[in-house]
Every structure is written in C-alpha cells, then in structure tokens.
Amino acid sequence: MHTKHTLRTLAVVAAAGLALTACGTTSSSSTAGDSGSNCPAGLKIAFLGAQTGDYANLGINISNGANVALDDYTKAHSDCKVTMQKYDSQGDPNQATKLATQIIQDKSIVGVVGPAFSGESGATGDAFNGAGLVTVSASATDPALTTHGWTTFHRVVATDADQAPQDAKYIKDTLSAKKVFVIDDSSEYGKGLADGVRKGLGNLVTGSDAVQQKQTDFSATVTKVTSSGADAVFYGGYYAEAGLLIKQLKAAGYKGAFMSGDGSLDPGFIQAAGADAANGAILTCPCAPSTADFTKKYKADNNNAEPGTYSAEGYDSANILLNGIAAGKTSRSSLLDYVNSYDQDGLTKHIKFDNGDVSTVVIYAYKVSGGKIQPGTPIK
Amino acid sequence: MHPLALNFDFLFSNFSQLTVTGLALGAVYAMVALGYTMVYGVLQLINFAHSEVFMYGTFATLWTVYFMGGTARTSGFALARMLTVAMVIAMIVSALVALLLERVAYRPLLKRNSPQLMALISAIGASFVLSETMGLRDNITRWLGLNDNFSRYVSGARDTRGLPMDIQTHQLFPIGNYHVTNIDLIVICCALLMMLLLDQFVRRSRLGRGIRAVAQDPESAALMGVNSTRVVQLTFLLGGLMAGAAATLYMLRIGATRFDAGFILGVKAFTAAVMGGIGNLRGALVGGLVLGVAENWGSALVGTQWKDVVAFVLLVVILLFRPTGILGESLGKARV
C-alpha cells in the first residue's frame, strides 16, 4: 500500500516535470556582452527552424550561416551587442506555432531568421504578421506563402514556381533531351515541382509516375522508365528516395540523364545512391554555392563544419536584420520598414523585396561528379 | 492518365520484368514474414519489434562491409566473400537481437500470464526503443567517449547510409523480354533455399517437433517433456536468423538502409504473413511472394502511388474469401 502510494506520487511528479520541460525551449545564444549606450539592452534576433530531429541538417545549415553573419556584425559593431536565440521546431509546423508565440512575447526580439520550412512559415505567418515582427526566411520556397498579404514575411530565395520552369529549360536546352520521364514523390513540394516541370516540358514528357516517401524499392517505376526509352528523368522529391531511384535506374541499364530539385541537394543523395550511380546527376537549387571566403569564415565560426544547402542564404537573412540594427532600427516596426525597403547586394544576390519575394531570381545547377556535389552554376 | 484507366498494355509488355523483380522483392518480404508467423503460431503474439530485428541485420551487413575494408572498388570474388561473411554476421546479430527482445520484452509478461494486450504494447515499445537507439547512435557513442574510432559507423545517424560499393548487375539469361540479373537470381534462390531449410527443420527435427507441439497445445507439450521456454527462445532465434539473411539480401538489392527502414517493411511482411495464413510457414512464403508481385503489377496497372492500396485491397479480398489466409492452416494444425 505504502509503496503504491509513493509510486503514484512519484509518477505524478515525474509527469509534471516532463510537462514543464516541454514548455521550455531549446535555446542557445551566441556572443553576449554588456549593452551599448544608444541601443536597448539585450537586443535579440531569433532563429526558428529545425535543430534536432530528422531534418536537423537543413536547419543547422541555415543557423550556422546566421552565426557567421552575427560574428561579422559583432566584430564591426562592438558597441551594440546583439544575440541570436535559436528556437528548435524540428521542422514541425505544430511546434513552430507554439514557439512563434514565445518569440512574439519576448519583446527584446526584433526580427526572426526563418522559419526554415514552408510548412512552418505557413503555420506561423499570421501570428508574426499580427505582431508586426519581421521574418526573413532563407529557404521557404512554397510559392503560396507570399499570397496571404503578410507584410512581415520575406524570403531571400526564388520559389519552386521559379525553379520548375528553369529546370524544364535546362532539360530542353542544355540536356537536349527528346523524351523525358517525370517522377514525383506525391508530397506537396515534390509534386508541385514536378508538375511545374511537366508543364514546362509540354509534349517532351514521355511518361509520368508517382512514388511515395520512405519507399525503397522502385522496380515498377524503373521498368516504366526503361520501357519508355526516356533519355532524361526528372525527379521531384527528397534525396533519400532520389538516391535509391537513380541507383536502381542505373542498375537496370538506364543510361540517360537524371535531374532533381533542391530537395535532393544533399550529401545524403550520394550516400543513398553510391558514388558511382550518383555521378552525372544534376541537382538544381535556388541556393547559391558558397564562396571560398565564406567557407573559411563558416568553418571558423561553426566548429569546422562545412557549409551546406542554404547556408549562404542563412547568412544573408541574418545580415539583413543586423544591417537594420546597425542603422539604428532597433524597434520591431522600424526594422520591419527597413527590411521592406531594403535594396542592397547580399552574399548570394542583390536583395530587394517585392511583396516578400526577392526580386532577383537565380536557379543554380549543381552537377555530381567524383562522388561529390560540385559547385553550382546559374541556369541562364 | 485517368486513375481508373488500367494500363494492361504496359503490364503485359513488361510482364517478365515486373514479375521477376516482384519475386525478388517478395522473397525478402517472405523471409521477414516467417519471423512474424512463427512467433504468432507459438505465442499468439504479433511481434511488432521484428521489423527492428531486420533493421539491425541491415546495419550489421553494412558495418561488416565497412569493417572488412569495403570500398567503392571492391568487386568480384572479394566482394562475394565480403557479402557472405556479412550475411553470416547479420544472421547472428539479428538472432541475438531477437533473443534479447524475447528475454526483456516478452518473457517477463508471459511468465506472469499477462493478457495478450500487454505483450502487444510491450512489442510496440520495444520497436521504438530499438529503432531510436539506432537513430541516436552518434549521441550514444559520444556519451561513451568513443566518438573518433566509430565515426564512420555512427555518423549520419538519422540519414540513409549506403554500401560503399556499387554492386554490379550482370545480365544472365532472358525470360521474355527481360534479362534476369545475377542479383535477382541470388536473392530469389537464397531466400527459397533458406525457407526450405527452415521448413524441413520444423517438420522433421526434434526441436521443430517441439515448436509445433507448443503451438498446438502448450500444456500438453509441457506434460510431454517439452521445455516451453527453450521452444520460445528457439522460435525467436529462427525468426531472427531468417530476418538477418533477408537483411543482407535487401542490402544486396537496395544497397542502403536507415534507422527506420524496418517499419514499412515490417508492416508489409506482417501483411504477407496474414495473407498466406498466419501461423503457417509455407503461408508466409506464398504470402510474401504474392505480395511482392502484386505490388509490382499494381504499380504497373494503376501507378506506383497506388501500390500500397493495391496490396491491402488484395489482402482484404483474400481474407473475404479465405479468412484463414491463402494456405489457411496454422503451425500446430489444430489451432482454432
């Protein structure tokens, strides 16, 4: 009896403890210091995106890029200290919504780098817009995000609606393909991208198929491709499936070109496909390759990690906010106005916002060779 | 293309390719299904964690290849030797995981005569623990301070990890307009051989008789001197060995794995076991092969996004007309 009672109490306490930790955020700040004279104390920008979980790499690439921007800012403006507080959403829109509320309630946060994913951006857009808190995303590419009339949402990358026509153009002009087989993974991103490519290619499309995420055996799809005599395959989806798909295509004797979008631009593509099968694949992205200079600074600021997809855009996003703070815009409303009228060169492109979208649209094509993803070149 | 426009033309013109590759896929399903069906036949327990037993086998294959110095250039005889050793090790590892599972997750509950529901919940919990342990292996080695030595094995813990080499497919002989490859042949023949061995073992050996006895009636079996604990252990061991072999064959075909690769395959394999007749070894074999081929045919007819729908509709149709599955009878024959 006594033991049962104690156990029950312990269980309640443990459950309460767990509930309380769930309310807390995983936050980490970089470079803190004493406040300057003409800027408010404890000025912060927030990062909202995945830091742990299945999509951690994608979010960490961006927050690391932002770290570099913060480091540059701190070296140039030691009089007005700014820190970055990271909010880990694990890429989940539900978690992002709760974290957005916390960010909005913290009055020392004047701008947000992120949200990283399109799903999170869609879920938190209304909240940030209502609070007048400016957000600059490095990677949310869903075209619909700028149709909601949010004055606070900005992104420094081209959308999937820009990527698809450029991909189709590349297949038609550069690859000179005559018969293209287009495959997607039935996800909102993959299907959207593939449908855009299908539209751009018109009657060059010789066949279509849709696979599923987490699928590992593609023998039926491979059969369709080989029997259609296609000389190019476009895959709309993520790297895990793309890698296995290209591997099985090559094993079945497919000799044509393979192209995919930014969801496949990850070293995981080469891991899944194997260096031999991945060679020759072309992966496009609205993200720019890192310059040697940036790579050096990135490694120095991030424990020798290599820059990844959207790292340079992460730098640009944070830099816009920090430039605003350096120009004396230290309140939410003044920083929002500053970003809306921003017109300067960034690391990746010239940045000027038109209804939240960046006006310069560049899509890069990255070729895989020698077991590595080579630096990308813009698609003309 | 209208979703209901069945593409028979494509199916028939590529019949042999779809069927042979479907059989190769189905062979892997069948071997994993054996684990599910045996445990169900003996314990009336759905061993949800069997998918993780398979997943650990795939990682054992991968790590053995790393350990034996496999690189992108390994091929031919050296590669064959490496993969054979990897298969043996994968079978041992999977068997050990299965035995561990039995000891920790099921035996305490069975000893206390807990309701089946408890064992089911334990199975689900064990499945999560096993898969997440694999998914967090880099954190674990960091805590143990072993990071540098094992970085190749534990990096990218939640990512897809692939074999370092590309296993070259050689086209052997044609069936219809498809050239059967060496990998297709190895997978199908290896799987059939192992299942044949298992079937003979259960039917003819003394230990196999013990398994069938416990499946039929545990109390009478105990009265006849069969040690039910040993029999349960043996059942898990055999299921694990089969899953380990299936894991290597899977790596041969797919070449890459992840910490959650077991889940979907486990669901499919369990479906195959039910389709063939749960508790029936030959049923698992038939169910697995049927499922693999049906998935491919379904993908060809309607489109790959409907693949799973086709598979499960087939399951429902089969159970409607034969509620006990295709081959019906169970391990102990008299089981109701």
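Strand S1 (residues 43-49) of chain A runs parallel to S2(A), and 7 bridges join the two. Strands here are DSSP runs of type E with at least two residues, helices are runs of H or I with at least four, and both are numbered from the N terminus. Two strands count as paired if DSSP finds at least two bridges between them. Within this pair, A:Lys44 sits opposite A:Thr83 of S2(A).

A quick word on the ground rules. This is a predicted model, in which local features need pLDDT of at least 70 and side-chain atom pairs count only at pLDDT 80 or more, while totals for chains, interfaces and linings use all residues. Residues are numbered from 1 along each chain as its sequence is written, chains are lettered from A and ligands numbered from 1 in the order in which they are written, and side-chain values use heavy atoms, with hydrogens and water left out.

## Two sheets in chain A

S1 and S2 belong to an open sheet of 5 strands in chain A, ordered S2-S1-S3-S4-S5 with parallel pairing. The edges are strand S2 (82-88) and strand S5 (153-155) of chain A; each has a single partner strand, so one side of each is left without a neighbour in the sheet. On average, neighbouring strands of this sheet are turned by 25° against each other, direction ignored. Axes are lines fitted to C-alpha atoms, for helices over the stretch in contact, and angles run from 0 to 180 degrees between N-to-C directions. Helix H3 (residues 93-105) of chain A lies across S1, S2 and strand S3 (109-113) of chain A, at about 150° to S2(A).

Strand S12 (residues 350-354) of chain A meets S13(A) through 2 bridges in the antiparallel sense. There, A:Asp354 faces A:Asp357 in S13(A).

## Aromatic pairs

Over all chains, the structure holds 14 aromatic pairs. Rings of Phe, Tyr and Trp (its six-membered ring) pair if their centres lie within 6.5 Å; planes under 30 degrees apart are called stacked, over 60 edge-to-face, and the rest tilted. Here are two of the pairs:

| Pair | Centre distance | Plane angle | Type |
|---|---|---|---|
| A:Phe294 and A:Tyr315 | 5.5 Å | 80° | edge-to-face |
| B:Phe59 and B:Trp63 | 5.7 Å | 55° | tilted |

The chain A pair links distant parts of the chain: A:Phe294 is in helix H11 (residues 292-301) and A:Tyr315 in helix H12 (residues 311-326), 21 residues apart. For accessibility, buried means under 20% relative accessible area, exposed over 50%, and partly exposed in between (1.4 Å probe, protein chains only). A:Phe294 counts as buried at 2% relative accessibility, and A:Tyr315 is buried too, at 9%.

In chain B, B:Phe59 and B:Trp63 both lie in helix H3 (residues 50-67), 4 residues apart, or about one turn of the helix. B:Phe59 is buried at 1% relative accessibility, whereas B:Trp63 is partly exposed at 25%.

## Cysteines

A disulfide is taken as a pair of cysteine sulfur atoms within 2.5 Å, and the count comes to 1 over all chains. It joins A:Cys285 to A:Cys287, with S to S at 2.1 Å. The torsion about the S-S bond of A:Cys285 and A:Cys287 is about 125°, so this disulfide is right-handed. Both A:Cys285 and A:Cys287 are buried.

Over in chain B, B:Cys189 is in no disulfide; its nearest cysteine sulfur, that of B:Cys190, is 8.3 Å away. B:Cys189 is partly exposed at 44% relative accessibility. B:Cys190 is likewise in no disulfide, and counts as partly exposed at 22% relative accessibility.

## One more helix in chain B

B:Phe15 lies in helix H2 (residues 15-43) of chain B and is partly exposed at 36% relative accessibility. From B:Phe15 to B:Tyr36 is 21 residues in sequence and 30 Å in space, C-alpha to C-alpha.

Notes: Contact means heavy atoms within 4.5 Å.
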